[in-house]
Amino acid sequence: MTLAAVVMIFVSLVLAAFAAVTLWWTMHAWRTPETLAGTRFAPPDGEQHLTFSLLLPARHETAVLEHTVERLLRSTHEGFEIIIIVGHDDPETAEVANRVALGAPGRILVVTDHNEQKNKPRALNTALPYVRGDVVGVFDAEDQVHPLLLEHVDHAFRATDADVVQGGVQLINFHSSWYSLQNCLEYFFWFRSRLHLHARKGFIPLGGNTVFVRSDVLRRANGWDGTCLAEDCDLGVRLSSRGAKVVVAYDATIVTREETPGSVTALLKQRTRWHQGFLQVLRKGEWRRLPTWRARMLARYTLTSPFLQAFSGVVIPLGVAVAIWAQLPVFVALVTFLPVLPMAATLMFQIVGLHDFGRQYDLRIRWHHYAKLVLGSFPYALVLSTAALRAVWREYTGKRNWELTTHVGAHLSATRPATEVAA
Amino acid sequence: MTVLELVKPAQEEPVQAPRDRSDLYLSVGLTTVVLALLAWNITGFPTASDDEGTYLAQAWAVQHGKGLAHYTYWYDHPPLAWIQLAAGSWLPGLIAPSLIAVAAGRIAMLPLQAAGLLLVYVVGRRMGLPRWAAAVGLLTYGLSPLFLTMGRQIYLDSFAVVWLLAALALALSPRKHLWHFAAAGAAAAIAVLSKETILLILPAVLVAMWQNTARSTTRPWAFGAFASGLVLVGCFYPLYALLRGELFPGEGHVSLIGAVQFQLGSRSGSGSIFEAGSGANSLVRSWLYYDSVILVAGIAATIAGLAIRRLRPVSVAGAILILVALRPGGYLPAMYVVQVLPFFALAVAGVLAWTIGRLDRWFKWGAIALAVVLAATVVAPRWYVGDRRALTANDNAAYVQAAEYLRAQPPSTVVVDDVLWLDCVNAGYPEQRVIWFYKLDLDTEVAARLPGGWRDVDYIVSTPAVRQDPGTLPTVTALLENSTVIASFGPADGLIEIRQVLKEPQ
């Protein structure tokens, strides 16, 4: 057997193992009906004991801010305040914020961020001294928050004695473009399933919003890291390693709805930022203080896996092409097909996931959406790998500025009746 | 909610109730008994058949890295069964070198049959049968003279049906675990790649999964997992053909699709089973000769079982197999019944359990008494005769003597049937010079090895298989005409002759 064949077999086996582990973890919530039932919020007891301070950083978000605040104000919980954080160089958003604040005096506070370099963690840190509630909740300016969410979170904090509660976030505008379909499903699998596995195994990168932390715990941790591009992931790692108790719950009915980036370029920038943020968290090394070896290994694996995943999405199909065209011995060629098994199974489960997604959110999924899903998976893998490459390059060359995602409100239309969406 | 607990609260060790191992002891105990009966006289009965020799020789080719067959592999059957056989068939011959090859191969089948017996019990339990009924199912399957006959032989169907039972057991997983369903799909694919005809009863596995995931939140995921396992494992076979450039039919090479077309279209039928004298009719008669009990009771129980929810998976399998056997003009292979037996046995046990479970006290005891009396008066005498034959008959003596004779000869060019092929190769005959009789006329590559035609052959071993269709194979006919008997073994109806070829016309 030639060296090339040995290399092909080795690479195939590694890729197959990686793809199989990823698939295994991604499908965590659906392992058994009991696991699935265990991922939901426990039904609230109707009592309200905690007070919430909901932080809402808004930067050039005039289009969606007002709607988001309106939804938040509809919350059934009594004890909450909203702190909108606007930049000193962004008078348009500040104007909208002040206007909505007048509509609900005492509920809404507008804080101005005077940092020269603006980013989300710095904005959140600016607001932290003003927080009065027992619990700090973070939302993004384009989030659609369900009125019942706070009651559920209140109960979850009390019932489990948690320090952190992470609720579900779901991109909803799957119909907008080919990549938004992939993006929506990515969120679906992450919040519905994968995050619960992380919570169970002792290492959790938190999400960027619908995350609730006890104020004293957050203050003791000195808030967010203003230099980190993935401040949410970083916070999760730091709180995990300090022994905080994290609870994850997902309910399709009260999930926070968001929209996908408005263009492939925006998606690329957003993903580059996340990947680079993961790299930064990895280099910071806070995860080394996690209590168990398993949790540390999981942290290392999780923080590097976006890169592996992105590349394997491209390398596996290429490997198959090589296997077919390069006239390898039949046995070697068959081995190179092994990584395709978990990859194709992932696609199969994504099809089921799209069906389930449609059912959970009462959206009408048509046959062409399934076709888009299948056809779009390779281009999407290309986008993700490009983002991963960019992230490595930017980190290597020291470019660490914040590339912001703008929002147009595409997910708001998704709440119209399904027929209208399909039309 | 999923809770992340970094410091586990101190837990008291829960007091474990002693695990109930009755199922394990019962199923393993019964399997051991049946296996002992299966192994007893496995070399003597039944007569070694051509097919057994064929599959064993193909397993030999896999073992020796000569590809999927020792002649051109033409996609007649998917290869997974003899690849599995290759994993075990080398061992018995190593321990007892005096055995003829087919006998050694049969011994290698025993672990597989043990798995099949255990799986019948597991499937029965997972369908909701009480312990005694699952045991009745195992015994009905294992003690049937048909099983004690065909279960000993080297058939692809045995591999397929065991894997399908595994798929059923996994589809009925009590935990409804996603990966069990994926494994069920993979097992079903292995079953199909062991013997393609088992594809017909895959709906039984789907029915089992449908029932098992009823009112479950994970049903679509379960079917997604099953489909993944089935398709992704199954696709390796066409992929193999594709990589070899043998997927599509074309000039000068064999192909997978061409073979499928042949199997479905060109294969001549064996007639209707209701038509006296047809091939299918005499085949069914021979099955009934071995064991009418399991066939008659099985058909009745299968039809009744269709109406009982928890018996539906096995009844669907049985019913499909019955309908396929009944179709007029189709081809009915001799080992077809191997796939039928476990489902009939489970249906019988299931209907019995259902009936007894629904009756009140007095009727219940009456029914039990009736079942016992029937078993003692109708079943036991018939099975005793059949099983005794299996344990005592010595039908392979002629083959053993012929193999011994050939071993003692110096290697030469010899034409044999499939049974003796591997014995000659094992005895040191060059593999290129031991020739299956029908390849002489049907395989151009083999014909090319003998430029002088039949005159290049030194010996032909004439067995019933060689004489089966006189006149259809010209080279074989010529060899039989131009040879003299130098040794002969066995009784007249199973005569085996070693014939020396006379090179010059007399």
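# A walk through chains A and B

Let's begin inside chain B, where 47% of the 506 residues are buried, meaning that 20 or more other C-beta atoms, placed from the backbone, lie within 10 Å of a residue's own. A word on conventions: residues are numbered from 1 along each chain as its sequence is written, while chains are lettered from A and ligands numbered from 1 in the order in which they are written. This is a predicted model, in which local features need pLDDT of at least 70 and side-chain atom pairs count only at pLDDT 80 or more, while totals for chains, interfaces and linings use all residues.

Chain B is built from 25 helices and six strands; these are DSSP runs numbered from the N terminus, with helices being H or I of at least four residues and strands being E of at least two. Its radius of gyration is 25 Å, close to the 23 Å that the globule rule gives for 506 residues, so chain B is as compact as a globular protein of that length. Here the radius is taken over C-alpha atoms, and the rule is 2.2 Å times the number of residues to the power 0.38. Two residues are in contact if their C-beta atoms, placed from the backbone, lie within 7 Å. Of the contacts in chain B between residues at least 6 apart in sequence, 70% join residues at least 24 apart.

Next come the domains of chain B. The assignment, automatic or from a database, gives domain 1 (22–392) and domain 2 (397–501). Their centres, taken over C-alpha atoms, are separated by 33 Å. Where they meet, 15 residues of domain 1 of chain B are in contact with 16 residues of domain 2 of chain B. On the domain 1 side, helix 2 (50–63) and helix 5 (101–108) of chain B are the elements that give two or more residues, and helix 2 of chain B supplies the largest share, with seven. By class, that side divides into eight nonpolar, five polar and two charged residues. Nonpolar covers Ala, Val, Leu, Ile, Met, Phe, Trp, Tyr, Cys and Pro, charged covers Asp, Glu, Lys and Arg, and polar takes the others, Gly among them.

Eight of its eight residues are buried, so helix 5 of chain B is largely enclosed by the rest of the structure. Among these buried residues are Val102(B), Arg106(B) and Ile107(B). They pack against helix 2, helix 3 (80–88), helix 4 (90–95), helix 6 (110–126) and helix 21 (418–426) of chain B.

Now for the cores, each a set of buried Ala, Val, Leu, Ile, Met, Phe, Trp, Tyr and Cys residues joined through C-beta atoms within 7 Å. In soluble globular proteins, nonpolar side chains tend to be buried together. The largest nonpolar core has 182 residues, and those with the most contacts inside it are Leu164(B), Ala167(B), Leu168(B), Ala184(B), Ala187(B) and Ala188(B). Helix 18 (residues 336–358) of chain B gives the most to this core, with 16 residues. Both domain 1 and domain 2 of chain B contribute, so the core lies between them. Leaving aside neighbours within four places in sequence, Ala167(B) is in contact with Ala184(B), Ala187(B), Ala188(B), Ala191(B) and Val205(B). Apart from this core lies another, of 85 residues, with Val96(A), Val136(A), Phe139(A) and Leu384(A) among them.

That brings us to chain A, which has 16 helices and nine strands. Its radius of gyration is 22 Å, close to the 22 Å from the globule rule for 423 residues, so chain A is as compact as a globular protein of that length. Buried residues make up 51% of chain A. Helix 1 (residues 3–26) of chain A buries Met8(A), Ser12(A), Leu15(A), Ala16(A), Ala19(A) and Thr26(A). The elements covering them include helix 7 (178–201) and helix 11 (293–325) of chain A.

Finally, the two chains meet through 25 residues from chain B and 37 residues from chain A. Helix 12 of chain B gives the most to the chain B side, with six residues. That side has 14 nonpolar, seven polar and four charged residues.

Technical notes. A residue is buried if 20 or more other C-beta atoms lie within 10 Å of its own, exposed if 12 or fewer, and partly exposed in between; C-beta atoms are placed from the backbone.
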